[in-house]
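Hi there,

Here is the structure I promised to pass on. Have a look at it first, and then read my notes below.

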Amino acid sequence: MGKIAFVFPGQGAQKTGMGQDFYENSTRAREVFETASRLLGFSMEELCFEKNERLDQTEYTQAALVTVSAAILTECAVRGITPDMAAGLSLGEYGALLAADVMDFPDAVRVVRRRGILMQEAVPLGQGAMAAVLGLPAEKIEEVLTVYLREQIGEDGCVVIANDNCPGQVVISGRCADVEAVLPLLKEAGARRCVPLNVSGPFHSPLLAGAGEKLREVLEPVTIREPRIPYVANVHAEPVTSAAEVKEL
């Protein structure tokens, strides 16, 4: 196996103008944007290149990021730059699926568009949040969250560890009020910084379990191929080499 890995970003990485240089300089990349616009019924170019509020809304963000990832991936392939392994953070796993030739782009962009809508419906805008906690071990964060939730007697609280990214950087997710309430507690416990993330929902939390079940139905008719290269899944952080695992993961 070679040494090239492609790693794709998740929500929070979006910004106005992303992918525009590829769109303007690559015929193949432009075709990816045009395909997304045609399939989804709105201008992907306008969404990605012009200042607007929709780009930070889950139901649009996901399709936009996967489109940009696919456009870049396509131009890389034209230039003979191909990965030996792929991975992606959260939503970025769909970019990894494209890199591994597990799924066709039309299917991927339709799935993530529906995925974004389901997630937005599960927790409406303004009700969920995420934050990165820097400089505090996951075990200590878990302890703080457990004590906080135990004290919310009679309250429907929800705040959990969502992403254990690396030593010293852990992301929490949950209801806005609960995330806001625990940040000063985490600072008191020794966190160096707590940084709210630019996302529109409480991703990777139990609040989205219902959206996951509905996504199962969306994925059911989608054709999944054997991975051309291994990709690393978010669920267990291990390489996936079999098509049979993909939909459940």
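A residue counts as buried when its relative accessible area is under 20%. Ser90 has a relative accessible area of 18%, so Ser90 is buried. Please keep in mind that this is a predicted model.

Where does Ser90 sit? You will find Ser90 in the loop between β2 (85-88) and α5 (93-99). Setting aside its neighbours within four places in sequence, Ser90 makes contact with His204 and Asn234.

Strand β2 leads us to the sheet. Four strands make up an open sheet with mixed pairing, in the order β1-β2-β7-β8. Its edge strands, β1 (5-8) and β8 (239-240), each pair on one side only. Strands β2 and β7 (residues 231-232) run parallel and are joined by two bridges. Ala86 has Tyr231 in β7 as its bridge partner.

Tyr231 also turns up in the packing. Among the residues with the most contacts inside the largest nonpolar core, which has 64 residues, are Tyr231, Phe33, Met44 and Cys48. Helix α4 (residues 58-78) gives this core its largest share, 10 residues. Another core of 19 residues lies apart from it, and includes Ala129, Ala131, Val133 and Leu136. As for Cys48, not counting residues up to four places away in sequence, it touches Lys15, Thr16, Gly17, Met18, Phe33, Ala64 and Val68.

Now for the aromatic rings. How many aromatic pairs does a search of the whole structure find? The search finds five. One of them is Phe6 with Phe8: the ring centres are 6.5 Å apart and the planes stand at 75 degrees, so this pair is edge-to-face. Both Phe6 and Phe8 are buried.

Phe42 and Tyr60 are also edge-to-face, because their planes are at 75 degrees, with the ring centres 5.3 Å apart. This pair links distant parts of the chain, 18 residues apart: Phe42 is in the loop between α2 (27-40) and α3 (44-49), while Tyr60 is in helix α4. Phe42 is buried at a relative accessible area of 14%, and Tyr60 counts as buried at 16% relative accessibility.

Finally, Tyr23, Phe33 and Phe49 form one aromatic cluster. The charged end of Arg30 sits over the ring of Tyr23, 5.6 Å from the ring centre.

Happy to go through any of this with you.

Best wishes

How values were computed. Residues are numbered from 1 along each chain as its sequence is written. This is a predicted model: local features need pLDDT of at least 70, side-chain atom pairs count only at pLDDT 80 or more; totals for chains, interfaces and linings use all residues. Side-chain values use heavy atoms; hydrogens and water are left out. Buried means under 20% relative accessible area, exposed over 50%, partly exposed in between (1.4 Å probe, protein chains only). Contact means heavy atoms within 4.5 Å. Two strands pair if DSSP finds at least two bridges between them. A nonpolar core is a set of buried Ala, Val, Leu, Ile, Met, Phe, Trp, Tyr and Cys residues joined through side-chain atoms within 4.5 Å. Rings of Phe, Tyr and Trp (its six-membered ring) pair if their centres lie within 6.5 Å; planes under 30 degrees apart count as stacked, over 60 as edge-to-face and the rest as tilted. A charge sits over a ring if NZ of Lys or CZ of Arg is within 6 Å of the ring centre and within 35 degrees of the ring normal.
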